[in-house]
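Take a walk through this model from the inside out. Start with the packing, then follow the charged pairs, the rings and the surface.

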Amino acid sequence: MLQTVQATVGAVPAATKIARGMSHFGEHALGWMAVGGLGALLDRPRRRQWAGVAVGAFGAHAASVVIKRVVRRPRPDDPTVQVNVSTPSRLSFPSSHVTSTTAAAVLLARTTGLPFPAVLVPPMMLSRLVLGVHYPTDVLAGAALGAASAAVVVQAEKKWGDR
């Protein structure tokens with residue numbers, strides 16, 4: 001599947017460039033934390049929800065890093081797979097980019113009412129395959145972990161939100 005994605009979507013000239021841009025935005029969840037922080041600064045009535053976007057993205061990223069270190073699955077290493085971006089580690093499972101993007105997208109949707117998960121998560125999942133740095137199961141696990149991380153933030157807000 002990884003080879004098929006690279007041979008089809010990855011063969012589109014702009015695809016790798018766009019995927020690299022997405023990779024840089026999502027690195028260490030920094031782009032999503034910036035979005036949450038900016039929203040908290042500009043949208044006072046929903047400040048807590050915007051902060052939840054930033055906290056959720058950070059927490060999801062942290063959880064994925066812990067799991068990576070436990071699982072220790074190496075990134076794809078095959079001559080038929082072209083790696084199109086550098087990575088901070090050689091560990092693959094789960095995709096931290098997809099994990100933090102999913103958490104942020106779910107929390108952004110909750111905050112704004114817009115369909116962010118449908119718009120943001122599939123392209124990030126696909127980008128990790130186009131770049132050759134993850135297996136399909138890495139991105140699927142990342143999406144599941146990101147959704148679970150967002151659910152934890154929502155539950156925490158319900159429990160401690162008015163304190």
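The largest nonpolar core of this predicted model has 12 residues: Ala29, Trp32, Ala40, Trp50, Val53, Ala57, Ala104, Leu107, Leu108, Ala150, Val153 and Val154. A nonpolar core here is a set of buried Ala, Val, Leu, Ile, Met, Phe, Trp, Tyr and Cys residues joined through side-chain atoms within 4.5 Å. Buried means under 20% relative accessible area, exposed means over 50%, and partly exposed lies in between (1.4 Å probe, protein chains only). Helices α3, α4 (47-71), α5 (96-112) and α7 (136-160) each give two or more residues to this core. Helices (H or I, at least four residues) and strands (E, at least two) are DSSP runs, numbered from the N terminus. A second, separate core holds 9 residues, including Leu2, Ala19, Val81 and Val133. In soluble globular proteins, nonpolar side chains tend to be buried together.

Two conventions apply throughout. Residues are numbered from 1 along each chain as its sequence is written, and side-chain values use heavy atoms, with hydrogens and water left out. Local features need pLDDT of at least 70 and side-chain atom pairs count only at pLDDT 80 or more, while totals for chains, interfaces and linings use all residues.

Now look at one core member. Ala40 is in contact (heavy atoms within 4.5 Å) with Arg47, Trp50 and Ala51, leaving aside its neighbours within four places in sequence.

Trp32 is another core residue. At 8% relative accessibility, it counts as buried. It also belongs to the 1 aromatic pair that the structure holds. Rings of Phe, Tyr and Trp (its six-membered ring) pair if their centres lie within 6.5 Å; planes under 30 degrees apart count as stacked, over 60 as edge-to-face and the rest as tilted. Trp32 and Phe25 are edge-to-face, at 4.7 Å centre to centre and 85° between the planes. Phe25 is partly exposed, with a relative accessible area of 36%.

Which charged side chains meet in salt bridges? The whole structure has 3 salt bridges. A salt bridge is a side-chain nitrogen of Lys or Arg within 4 Å of a carboxyl oxygen of Asp or Glu. Asp43 pairs with Arg46 at 2.6 Å, N to O. Asp43 is buried at 16% relative accessibility, whereas Arg46 is partly exposed at 32%.

Arg73 meets Asp138 at 2.7 Å, N to O. This pair links distant parts of the chain: Arg73 sits in the loop between α4 and α5, Asp138 in helix α7, 65 residues apart. Asp138 is buried, with a relative accessible area of 0%. Arg73 is partly exposed at 27%.

Arg110 and Glu157 form a further salt bridge, 2.4 Å from N to O. Arg110 lies in helix α5 and Glu157 in helix α7, so the pair ties together parts that are 47 residues apart in sequence. Glu157 is buried at 16%, and Arg110 is partly exposed at 38%.

Thr16 is found in helix α2 (residues 13-26). Its relative accessible area is 14%, so Thr16 counts as buried. Beyond its neighbours within four places in sequence, Thr16 is in contact with Gly10, Asn84, Val130 and Leu131.

Leu38, Leu41 and Leu42 make a nonpolar surface patch of about 370 Å². Leu38 lies in helix α3 (residues 30-42). Patches are made of residues with over 30% relative accessible area and no salt bridge; like charges are joined within 9 Å, nonpolar side chains (Val, Leu, Ile, Met, Phe, Trp, Tyr) within 5 Å. Accessible areas come from the Shrake-Rupley method with a 1.4 Å probe; for residues, only the protein chains shown count as cover.
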